[in-house]
Amino acid sequence: MTTPQLTRNQSLVFDTLMKSEGPMSAYTILDRLRDHGFRAPLQVYRALEKLVEFGLVHRLESINAFVACSHPAQDCCRHGTVAFAICNSCGGVTEFHDHSIDHRLSDWAKAQQFKAEKTTIEIRGLCRQCN
């Protein structure tokens, strides 16, 4: 996958997420980027929307936050299910992929004549360090 040409705002948002030690809400990103001219949440949301579309960033639905993709060069969003383990204590997020889960979900979808467009799994619990 070739990295798309990013706008200034997209680059700033992506860089902020890459440097972050955990998931960030759009408002936290906005607060970090105020010195760079960001004034409104819409600026952040527009950048995030494109970054998600490009497969560089993931939205974690269960905590309404965003993380940079752990392996964007491998085009993770296009090879199947994206899965995340989210620690309820420290907030750490581990992104992973399991082909056997892909196959099971694909088999189910075929049997149900369901055309899946996107599959994301979020597992909430305690990580090794917090357990």
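Colleague: What makes helix α1 and helix α3 roughly perpendicular to each other?

Modeller: The axes of helix α1 (residues 8–19) and helix α3 (residues 41–53) come within 9 Å and cross at roughly 80°. Angles of 65 to 115 degrees count as roughly perpendicular, and α1 and α3 are therefore described in that way. Please keep in mind that this is a predicted model.

Colleague: Which residues make the contact of α1 with α3, and how do they divide into nonpolar, polar and charged?

Modeller: On the side of α1 the contact is made by Asn-9, Gln-10, Val-13, Phe-14 and Leu-17, and on the side of α3 by Gln-43, Ala-47, Leu-48, Lys-50 and Leu-51. These residues divide into 6 nonpolar, 3 polar and 1 charged.

Colleague: Why do β4 and β5 count as standing at the edges of their sheet?

Modeller: The sheet is open and has 3 strands in the order β4-β3-β5, with mixed pairing. Because β4 (93–96) and β5 (120–125) each have a single partner strand, one side of each is left without a neighbour in the sheet. Neighbouring strands here are turned by 20° against each other on average, direction ignored.

Colleague: How do you know that β3 and β5 pair?

Modeller: Two strands pair if there are at least two bridges between them, and strand β3 (residues 82–87) is joined to β5 by 6 bridges, the two running parallel. One of the residues involved is Phe-84, whose bridge partner in β5 is Glu-122.

Colleague: What makes β1 and β2 a pair of strands as well?

Modeller: Strand β1 (residues 57–60) and strand β2 (residues 65–68) are linked by 4 bridges in the antiparallel sense, where at least two are needed. Leu-60 has Ala-65 in β2 as its bridge partner, and in the hairpin of β1 and β2, with 4 residues between the strands, Asn-64 takes a positive phi near 50°.

Colleague: Why is the pair of Tyr-27 and Tyr-45 called edge-to-face?

Modeller: There are 2 aromatic pairs, counted where ring centres lie within 6.5 Å. The rings of Tyr-27 and Tyr-45 have their centres 6.4 Å apart and their planes at 80°, and since planes over 60 degrees apart count as edge-to-face, this pair takes that name. Tyr-27 lies in helix α2 (residues 26–33) and Tyr-45 in helix α3, so the pair ties together parts that are 18 residues apart in sequence.

Colleague: What makes Gly-91 partly exposed?

Modeller: Partly exposed lies between under 20% for buried and over 50% for exposed, so Gly-91, at 23% relative accessibility, counts as partly exposed. Gly-91 is found in the loop between β3 and β4, and its C-alpha atom is 7.4 Å from that of Pro-23, although the two are 68 residues apart in sequence.

Key:
Residues numbered from 1 in each chain as written. Predicted model: local features only at pLDDT ≥ 70, side-chain atom pairs only at ≥ 80, totals over all residues. Heavy atoms only, no water. Axes fitted to C-alpha atoms, helices over the stretch in contact; angles between N-to-C directions. Parallel < 35°, antiparallel > 145°, perpendicular 65-115°, else oblique. Contact = heavy atoms within 4.5 Å. Nonpolar A, V, L, I, M, F, W, Y, C, P; charged D, E, K, R; others polar. Phe/Tyr/Trp six-rings, centres within 6.5 Å; stacked < 30°, edge-to-face > 60°. Buried < 20%, exposed > 50% of the residue type's maximum accessible area, 1.4 Å probe, protein only.
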